[in-house]
Amino acid sequence: MTKEQIKATILEIIAQIIPDEDLSNLKGDIPLREQVELDSMDFLDIIMELRKRYGIEVPEDDYMQLATLDGSIAYLEPRMKEL
Amino acid sequence: MVAKKPNEARIVITGVGLTAPNGNNLAEFRKSLLAGKSGIQKFNVRYMGEVLAGICHFDPLKYQKKKELRRGTRAGSIAIYCAQEAIADAKLDLACLDKSKIGIYLGITEHGTVETENEIYEIKQFDYDVKYWSHHHNPRVVANNPAGEVTLNMGITGPHYTLGAACAGGNIGLTQGLQMLLLNEVDLALAGGISESTGSFGIFAGFKSEGALASHADPEKACRPFDKDRNGVVVSEGGCIFVLERLSDALNRGAKIYGEIVGYAINSDATDFIFPDKDRQVECMKLALDKAGISPEDIDIINTHGTGTVEGDPVECQAMREVFGEHLHAYINNTKSFIGHAMGAAGALELAGNLPSFEDYIVHPTINLDHLDPECHLNNLVINEPKKIDKVDYILNNSFGMLGINSVVIAKRFEE
């Protein structure tokens, strides 16, 4: 996957988890939770979707790296580039 | 006659919110019951294939966000819809109420079965690796879930819980709400019953294994209590929540009063897991009549529990003959013949469907009764067509459940 594809995938997962939110103006460098209503259970849904769809395991210690959209792309790029 | 109670000790119904397979509010539901309109349809269930079921068609997004729907349960959605509709029907403004003095008491037959089956189905795709088990599982399956989702949706901070009472749940939720008002634990009760049972293959498969799952070429004719050709239960989902208030409060705010709950009783057979016991049903009806301070001949309408099983229906009929006499004058009907067995919601829905009789004096019928089983013969069984009668002062509602739990509620036409 390219960076753009990874970004689209993350946004698609988030849209599924918080379907009432408008994601069109999400800023990449600001924590997602400051921009949309995304609580800890929603965040765990993102982790679960990555596991189910792509077999990607995100250890709890790395959760903070997925706090922003840009951080998520950077973290996932090496893990998804072969997909 | 018992001495007249003070208005603070009289509990009245001032709002009704419901969803049934043939109506999403009391007016629609009643119209269907008087028109003979069934709500039973063909329905696909995991592992079972096509079965017959009663499915509700309310719009959950009327009161919930998509995210709430995704995170919560079907039972939670049904409960939220019914609670919101009940508050609106009672013409109450939540913003003006002390939300810490509102209690939510919902009868359920079971809860968590649907959600557990769904999770097991999900992890089956991952060779049952439990790391794919949802973190939402526990809040979805805790027994208070349907009532708890109502508090989250409506910001209600008073007590909330469910009452597991098999198919007597609806009456028992109502009874609990009444009791909490009498104890002054709350000032307003949202009380009734909820069922999401159609989401569980296990419920259908269980009835089938018992030889008690109804089948018929025409889905709308499948549920046929008291008929010689009845062959079991039609599983349905549904919900009905009443707004209950002390009469004093209802009068102070000029509320519309649907009726007063004057009698109630709950007892146990202590005889069998499944099969009902006539003697305890008799006792339960008599207890409710005693509580109401009235005689059997005062009852004008009896809404039966009758589920359409070969074994269960004659037992209830025999119990009614014993309480009311062979020549009972009360008119008798059955709501499950229209909507199937809404399990924990059944008692509440069935009472709701009869409350309009206090105003229109019409008794809705029992449908699908083509060949009356002689063992189920009862005087004044209202068969297939509604019946206009001269007076409706008292309605008695039976609801019985597995493990031998019996419940009876008596509603009275409101008069000061």
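The following legends describe close-up views of a predicted model.

**Figure 1. The contact between chain A and chain B.** In this predicted model, chain A and chain B each contribute 7 residues to their contact. On the side of chain A that touches chain B, 4 residues are nonpolar and 3 are charged, while no polar residue is found there.

**Figure 2. The two domains of chain B.** Chain B is divided into domain 1, residues 7-252, and domain 2, residues 263-411. The C-alpha centres of these two domains of chain B lie 21 Å apart. Their contact draws 59 residues from domain 1 of chain B and 53 residues from domain 2 of chain B. Several elements give two or more residues to the side of domain 1 of chain B that touches domain 2 of chain B, including β1 (11-19), β4 (102-108), β6 (188-195) and β8 (238-246) of chain B. The helix α7(B) gives the most to this side, with 8 residues. By class, the side of domain 1 of chain B that touches domain 2 of chain B comprises 29 nonpolar, 21 polar and 9 charged residues.

**Figure 3. An open sheet of three strands in chain B.** Three strands of chain B are arranged in the order β2-β3-β7, and their pairing is mixed. The edge strands are β2 (40-45) and β7 (235-236) of chain B, each of which pairs on one side only. Strands of a sheet pair through backbone hydrogen bonds, in either a parallel or an antiparallel manner. Strands β2(B) and β3(B) run antiparallel and are joined by 6 bridges. Within this pair, Phe43(B) stands opposite Val51(B) of β3(B). Strand β3(B), residues 49-54, pairs with β7(B) in the parallel sense over 2 bridges. Here Ala53(B) stands opposite Val235(B) of β7(B).

**Figure 4. The hairpin of β2(B) and β3(B).** This hairpin has 3 residues between its strands. Tyr47(B), in the hairpin, takes a positive phi near 70°.

Figure 5. Which residues of α1(B) are buried? They are Leu26(B), Phe29(B), Arg30(B), Ser32(B) and Leu33(B). These residues lie on the same side of α1(B) because they cover an arc of only 160° around the axis. The buried residues of α1(B) pack against β1, α12 (336-339) and α13 (346-354) of chain B. The face of α1(B) turned away from its buried side carries the exposed residues Ala27(B) and Ala35(B). Just after α1(B), Gly36(B) adopts a positive phi of about 75°.

**Figure 6. Asn184(B) in a loop of chain B.** Asn184(B) is located in the loop between α7 and β6 of chain B. The phi of Asn184(B) is near 60°, a positive value in a residue other than glycine. Is Asn184(B) buried or exposed? Asn184(B) counts as exposed because it has 10 C-beta neighbours inside 10 Å, and a residue is exposed if that number is 12 or fewer.

Figure 7. Ala270(B) is placed in the loop between β9 (259-268) and α10 (278-292) of chain B. Although Ala270(B) is not a glycine, it has a positive phi of about 60°. Ala270(B) has 9 C-beta neighbours inside 10 Å and therefore counts as exposed.

Notes:
Residues are numbered from 1 along each chain as its sequence is written. Chains are lettered from A and ligands numbered from 1 in the order in which they are written. This is a predicted model: local features need pLDDT of at least 70, side-chain atom pairs count only at pLDDT 80 or more; totals for chains, interfaces and linings use all residues. Two residues are in contact if their C-beta atoms, placed from the backbone, lie within 7 Å. Ala, Val, Leu, Ile, Met, Phe, Trp, Tyr, Cys and Pro count as nonpolar, Asp, Glu, Lys and Arg as charged, and the others, Gly among them, as polar. Two strands pair if DSSP finds at least two bridges between them. Helices (H or I, at least four residues) and strands (E, at least two) are DSSP runs, numbered from the N terminus. Domain bounds come from an automatic or database domain assignment. A residue is buried if 20 or more other C-beta atoms lie within 10 Å of its own, exposed if 12 or fewer, and partly exposed in between; C-beta atoms are placed from the backbone. The arc is that of the directions from the helix axis to the C-beta atoms.
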